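Visitor: I have a structure open and want to walk through a few parts of it. Can we start with the strands and go from there?

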Amino acid sequence: MSAILQPAELPGATDTPHEGASGVRLAVRRFLRNRLAVAGLCVVAFFVLFCFVGPLVYSTDQTHTALQQVNLSPSGNHWLGTDAVGHDELGRLMYGGKVSLVVGLAAGVLATVIGTLWGATAGYAGGWIDAAMMRVVDAGIAIPALFILLVVSAITTPGLAGMILILGLVSWLVPSRLIRAETLSLKNRDYVLTLRAIGGTHARAILRHILPNSVSTIIVATTFQIADAILLVAYVSYLGLGVQPPSTDWGGMLAAGLNAAYSGYWWLILPPGLAIILVVWAFNAIGDGLRDAFDVRGRG
Amino acid sequence: MTAQPDGTATAAEPILELDDLGVVFTTESARVPAVRGVSLRVRPGETLALVGESGSGKSTVALAAMGLLSGNARVTGRAAVAGTDIVGADEAGLARLRGRTVSMVFQEPATALDPLTRVGGQISEVIRNHHDVTAQDAAARAVDLLRRVGIPEPERRASAYPFELSGGQRQRVVIAMAIANDPALLIADEPTTALDVTVQAEILDLLRRLAAETGTGVLLVTHNMGVVADFADRVAVMYQGRIVESGTVEDVLLHPTHDYTRRLLAAVPRLTVAPTGERRPAGEARTVTGRGPQDEGEPVGARPDGESDSTSGGGAAGEPVVELRDVSVVYGRGKRAVRALDGVSFVVRPGETLGLVGESGSGKSTAARVALGLIGPNAGTVSLFGTDLARTRGRARRALRAGIGVVLQDPVASLDARMTVGSCVAEPLLVHRREMSARDRRSRVEDVLEQVRLPRALARRAPGELSGGQRQRVSLARALVLEPRLLVADEPTSALDVSVQEAVLEVITELQDDLGFACLIVSHDLAVVQHFARRVAVMRAGRIEEQGPTGETLLHPETDYTRRLLAAAPVPDPVVQRARRTERLAALAAGRTEGGA
Amino acid sequence: MSTSTFLIRRVLQALAVVAIVTIVVFALLHALPGGPARGILGPQATAQQIARFNHEQGLDKPLPVQYFYYLDQLLHGDLGTSYTLNAPVSRLIGERLPKTLVLTVLSAVTGLLLAIPLGMWQAVRRNRPVDYVITTLSFIAYSTPVYFLGLVLVLVFSQVLPWFPSQAPQGDSLADVLSDPRALVLPVVAGAASMIAVFSRYMRAATLENLSEDYVRTARAGGARSRAILRGHVFRNSLTPVVAMLGYYVPVLFGGALVVEQLFNYPGMGLLFWSAAQASDYPVLLGCVLVIALATVVGTLLADIVQRVIDPRVKAGRA
């Protein structure tokens, strides 16, 4: 077993000035040194191009069915074959990807925004307000998101905007706890206490000090939320609650393809599945890299 | 404490030999040479103090002697303990040495012990690392060791968890672990820095006694000259990785030859102590008095005379700037209630400085926060500039606060690293003088930076680029930008190196003379308070033990506690310190209860 | 704080959470189109049936009053009646819940038994190739939808290599389900994968943090060897934050169970929920949500108690 790592305190720390590198530049350098994170960034870039620029290069018809060419295996005409109603699978992958990415990104950002507002308020207010707000969060976490989504689906079938809203409303709980912890620690920093002592208002403390110093935590949380949201969308569509045909997303493609699983139509399953795995992995890797670069605590 | 009081070495082999030791750390951005060409010897039975400020490399030397440096350290040269080479030794060999031939006592008792293992168990572990004994035997020996280091009720305490013990008690446990196997060399890295002054005295007594009993050699790493005077036989002064001076403790501390040593000694705030029965006029700042030969201390540069009777700024005329009357602050409820402050009353008059002095838990910081209005008292009244704080709200309250400036302890946390220095200093202006134009603000900021002896161009830099001393001065600039009538400073220099402390305190005093603000300074360091406060209040466990003019109170204390506090603070003059120590120990033996601090 | 104070406080907190959940569920019940009447009578009910139902059930009374009726019902164990299966929801859940519990507990235990050593190992071998490989695998496992993983498992281990059955044994009783342990392997693995990924990361992070703590240096200075320090000191200190996380992971386990049961046709509560969702059987849906929330709250409570046992500082209120 290797020797246990013991990072000793660096000498010369206290009274010598630090190097001139600003916080952001240092963080960017650290991020770029993380190979997995950079790989993740490349994957995301690739898929964004694939889904948004791809159809311009490789255009297919995703609206009308073509029943004379169902379930064709990959060939020169259809690089990934066709699906059960004759759509070109590769084109569908791009098309579905647009929905997955857009919904995932929007829902992830929405969840973080709501979570930040809730968590920062609870953390800054403290006392019984904090306790009450956190009990609500606990209650929300106690119910698995999938269950709520299924219940909601039994009531209505939302459009794209509706889906984003619902996913955001279901996912804001985790980031709220992270931001609350960050706020709690920041509000007791010396510079905040000094500000309060000389008569600064709460508003100033929050807007000028606490929020700017929380930015790195918020960014990391957003990245992880986007990853979670894309995964959640995939589940939702798999369960048949997502966008309706002829629209689709990767989860929906998987759901459609699963019926064909045992018939050996692998091209209907592997591409969407792999796409989901890759993109969600990529966002997770980026989030991990950002967290190390900014030196933030949070999701393990 | 040594086996040979005349200081000559024994004929025995040195227990620690460092020959041209060098250590270079490789970080993600640079290679930092921490130690350069250090050579020293420690002989059995003697104590060598390694002195220096932060960044001098002294802790690195100590860790290198144990082979405990981190993976990114490159060690060159030779380090040998009891003849065995450390540099390049394998982990198994080192593990055999550690805890047996050489052991270490660390700085932070709060984190040095495994929080989930009982104290007795941790001592037993060290024993069983090197001796094949049963668990019961080891446990029994652990209890013995606890008794030896002065922990009361050792059988019961052995099954306690670290968090159930006080800081001083935890340090005793660490010491017990260090002496468990009768090591030939004991390395103590700032063993008392994190402890209160009275506890520090007890721990030093303990270490001295143990070392004398067993003839152990001690390498004592510290930045505190008083501790050196109290404990060491020989001294080596380190600066930027090199030893600049070494010799016996009398030679180095009383007749330093190297320029750096002189500067270091000059910067240490000296506690003036009076011998019993003799009154010294309070105006003589630099006289060191006590039993034994009278010694004139080193004359120091332009040190302002902040002594008690000199009136700085306005006299005691006018209504008090801050007044606490019978203030109590209680945390928690019922049986578990903690009285942070219990019926505390004091007054700060215009232009004068009041020093709040005490150990940890005394309530001094709480009192400062009450004065600032950050904590509301459960009982009693707090008045700021003559207005009862409890009766003012909102805008009126904020207006009152415009007359206060605040400087806190931690230079890193005092400034928001995301703002430029200029923005940090300008913040009070944005809070209270919204009507000021940006240009006026900028010029006011630069003016005040100049006042604290910082270059005007610093306004554009980020706090991260500044040193600790510079940051504290920026904090001070921010505190003074509104020309306050009161400056509240909570341990303003405690986190700084000694040489930097002096500069900051000097600036505060000068500005007080110029601008005439009152000052409430909180400190655990009696010498600092003695030099800069006109009146002092000694606090303990939430109460004020005694208060009065600094000269009177600190030279002729009335309460036992204050006397003990003064007696325990070590003075950087070995001759005087030895005399004081004898006095103190005699006093303790006379009326003492066994204390596990 | 004393044990009794602690228990009282935690139980009160738990009750508060449960109360909020009941409010949420109640609100959902009333958010349904046509109101709870439709929910209970089903989509085929006529307007007259609904009106009569509303009157009988006192649904024309003000909402807060209805909420108290609802609470009263809950306290009597009445979760309503499923109209697709024509059985009291409480009975249905009572039959199905134990099976789901078997699945989730097995997944959790398997997951933890693998994740904890894995995380520690990763921490000790930080930034070596092994660490990167396991980290990447963890991320991928975490990023894979459970149903996809399940499908792959079935394809590989059921079709290509006929080692394990692809369907769970059917049957009403617990014994039936447990009759063929081999059939449980794939579902448990699918359920545990995500858990292994997440908890190995937690353990890695906690271990890394503890490795740089002062007490490790003190132990080394006393002559202890790396392995002994890891086993005797670091391990226990790293467990505490991981245990704290367990309570919050219960709803994730149930969510996973939902998908796994659907995929493997495992007759547990998840499958019940799934079928109910297809049929818009609201009483079942909402009853399940309530039960799961309750399970999570109990789980968090248990995790807190375990933490108290492991870490004496928590007991003293000074963690």
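Visitor: Which residue in β17(B) does Ser383(B) stand opposite?
Guide: Ser383(B) stands opposite Asp388(B). Bear in mind that this is a predicted model.

Visitor: How do β16(B) and β17(B) pair, and over how many bridges?
Guide: The two strands run antiparallel, with two bridges between them. β17 covers residues 387–388 of chain B.

Visitor: Which strand is joined to β16(B) by five bridges?
Guide: That is β13 of chain B, residues 322–331. β13(B) and β16(B), the latter being residues 379–384, are antiparallel.

Visitor: And which residue of β16(B) is the bridge partner of Glu323(B)?
Guide: Ser383(B) is the partner of Glu323(B). Ser383(B) is also the residue that stands opposite Asp388(B) in β17(B).

Visitor: Changing topic to helices. Why do the ends of α15(B) sit 18 Å apart?
Guide: Helix α15 of chain B has 13 residues, 468–480, and at 1.5 Å a residue they should span 18 Å. The span is counted over one less than the number of residues. The end C-alpha atoms are 18 Å apart, so the two values agree.

Visitor: Is α15(B) mostly covered or mostly exposed?
Guide: Mostly covered: 13 of its 13 residues are buried.

Visitor: Now chain A. How many helices and strands are there?
Guide: Chain A has 12 helices and zero strands.

Visitor: What are its dimensions, and how much of it is buried?
Guide: The C-alpha trace of chain A spans about 75 × 45 × 45 Å along its principal axes. Of its 300 residues, 51% count as buried.

Visitor: What about contacts across the sequence in chain A?
Guide: Taking contacts between residues at least 6 apart in sequence, 71% join residues at least 24 apart.

Visitor: How many residues of chain C are in contact with chain A?
Guide: On the chain C side there are 50 residues, and they are in contact with 39 residues of chain A.

Visitor: Which helix of chain C gives the largest share of that side?
Guide: α11(C), with nine residues. Among the other helices that each supply at least two residues are α1 (3–31), α9 (182–211) and α13 (282–310) of chain C.

Visitor: How does that side divide into nonpolar, polar and charged?
Guide: The chain C residues on the side that touches chain A are 36 nonpolar, nine polar and five charged.

Notes. Residues numbered from 1 in each chain as written. Chains lettered and ligands numbered in written order. Predicted model: local features only at pLDDT ≥ 70, side-chain atom pairs only at ≥ 80, totals over all residues. Helix = DSSP H or I, 4+ residues; strand = E, 2+ residues; numbered from the N terminus. Buried ≥ 20, exposed ≤ 12 C-beta atoms within 10 Å, placed from the backbone. Contact = placed C-beta atoms within 7 Å. Pairing = 2+ DSSP bridges. Nonpolar A, V, L, I, M, F, W, Y, C, P; charged D, E, K, R; others polar.
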